[in-house]
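Welcome! Here is a short tour of some aromatic rings and their surroundings.

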Amino acid sequence: MKKIIAMLITALLILPFVGFTAAQCPSEGHTVVLKAPAVSKTSDGQLVGVATDFVITVAPGTGHVYVETWPLAEVDMQASARLASQIAGKVLGVDMSKYDVFIQIKADSPIIGGPSAGGTMTVGIIAALEGWQVNPKVMMTGMINPDGTIGPVGGILEKASAAHDVGAEVFLIPEGQRIQYVQETQKKEIGGIVEINTQTKKVDVVEYAKERWGLTVIEIKDIYDAVYYFTGHRIPRPKAPSYVTIDTSFLKDDALKDYENTTSYYQATLDKLKDSDVSYATYTTLMEALNQANVILNQSREAIDDGMYYTALSKDFQARIIIRHVDWYLDSNGPDDVQRLLKTVESQINASEVSVSNVTIKGITMLQAVAAAEERVEQAKSLLDEAWKYYYNGDYWDAVGDAAYAYERAKTAEFWAKLGERFAGDEVISRDVVKATARDYIDESSLIVTYIESMYGDVGGDLSQSIVQAEQYYEDGKYSAALFTAMEARVRAQVFLDTLGIDNQSVLMDKARAMKEEAKVAIGIAQSQGITPVLAMAYYEFAESYEKSAEENNSLEDLQTAMIFYQYARETAGLFLSSPGGSVQVPQDNTTGVPQIVIPTGTPDAGGPDEQTESQGGVPETALALAAIGAFLVGALVGRKL
């Protein structure tokens, strides 16, 4: 009897955990096992490659994604796993709210994980959903982007070594990362003095891995390529229209009117300065500012003549900030005048916010434009806060400068809201859509920034601060500002990874052109779904203007700005599209057994696995390229956009 009672007590003690155990170990569904390379840091800070085991199970459920790592990864993988699940569903046209995903990750040492395993997790989830086997001789590294493209990562050489160590024969890396740049340190002792020289060395990963380990390294563009190499199955890509129209003629009338108004404002302010009684030093400084504004206005005129109307509007915007700074400074004879100016700007921002918030959003195009408008309102508020700080510190010059910037930024918010109304559709869309999208972008962007800082230290500038700002916007209910701030950090982080160590103009130009094509394809896909991606087309054109400037002036800074805006164009093209890839019918000619390694003929980077499908690109806004317009104007931005 005592034995029976003991058994019952034991059963009662175990019972509460049965549900949890069942949730973690589903009896239904499919399980896929893959290996992925990662990097770990040694005690002296060196990066080394380590192999990581992924056990991925997909079972009927309610849309949860469970992640278990051992030992703990240095970067949380939850956001990347969630995005991988979303992309797998989009690629296959599957409703992931009806499935649970279980991902177990095990490594021999703490890894710097997170985004670099995103592609591998997506492949595993797709294979588990379809019941496909994966080739154990294939490994890959690469982020998964929201549009299904494979994003850049770090530590590729270390990861290639790890792949070889565990028997991989094919190693997939993100397109454009075949060439890596490493720091090589040499020590030489001369007469008791140790001389240390550090040189940057270019390494072709494809050739190096083949020569040293017999490992085949292949660049891949997107998850469609990755699935093919792992499973032997081709999932049809969504195709962009054969002809993609990218022009900003819808802004022509706005650009012509804005140029005329800004030119008139410039002339009036110039006359005002000449008629003023300011000192020689002040006159010279203000005249230099107006000269800079005039140079920018001439660039605006050239842009109009070239049919680049968004670029013209952005140039007018840049010029107008300078002109207003001079104009308002001439009116400021003391702290009371400056205070009145700041209050005037505050009134304008409040009016712009009311105007934007009262808009009823109809259709995806309008949603994109209004989201941009809301973000600009928050930027204006931040600028005004800085202006007040300058004011209370007695720095009236910078207070007026930031006030002028805030005023013009608030006005552009109204412009974008009105532009969105021109493209209004029939369906009313809730701002909750922006909230959900913002949360995803913040999580993924935070993951990428943490990943970079874990590997390379604080090299990303203010990327972490951008994430903090995005989180603050989100907590304050400013979801559009949170979304765009996080997107900006994400794009800057990806461009950093994609250009790490490269200072060769021709190499960077090739990367910029690849990004340009990816942006064009993303815009085409949006257009094929009946969306007019006004933001993406505007940023695409703006990037073209910087690409042209980079070629003419041999400027690496302009080229990087172009790359950032192309990536931002690509990101914004897919914003709020419920299914960027569209639902596709997956071929059901599933084979049994482990697929053979299939390597198409031709160079590894010249076309990908499916020669019959069109080239498809991918991604990610940019933190605007900062450059002083003049010593007199602190914080002026070359990359300022309307």
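Let's begin with Y391, which counts as buried because its relative accessibility is 11%; buried means under 20% relative accessible area, exposed over 50% and partly exposed in between, with a 1.4 Å probe and protein chains only. Y396, at 30%, counts as partly exposed.

## How to read the model

This is a predicted model, in which local features need pLDDT of at least 70 and side-chain atom pairs count only at pLDDT 80 or more, while totals for chains, interfaces and linings use all residues. Residues are numbered from 1 along each chain as its sequence is written, and side-chain values use heavy atoms, leaving out hydrogens and water.

## Rings that pair

Rings of Phe, Tyr and Trp (its six-membered ring) pair if their centres lie within 6.5 Å; planes under 30 degrees apart are stacked, over 60 edge-to-face, and the rest tilted. That rule gives 22 aromatic pairs. One of them joins Y391 and Y396, a tilted pair with 5.8 Å between centres and 50° between planes.

Y539 and F565 also make a tilted pair, because their planes meet at 45°, with centres 5.9 Å apart. This pair links distant parts of the chain, 26 residues apart: Y539 belongs to helix α17 (residues 534-553) and F565 to helix α18 (residues 556-573). Helices here are DSSP runs of H or I with at least four residues, numbered from the N terminus. Both Y539 and F565 are buried.

## A cluster

Y539 and F565 belong to one aromatic cluster, together with Y310, F415, W416, F484, F542, Y546 and Y568.

Technical notes
Helix = DSSP H or I, 4+ residues; strand = E, 2+ residues; numbered from the N terminus.
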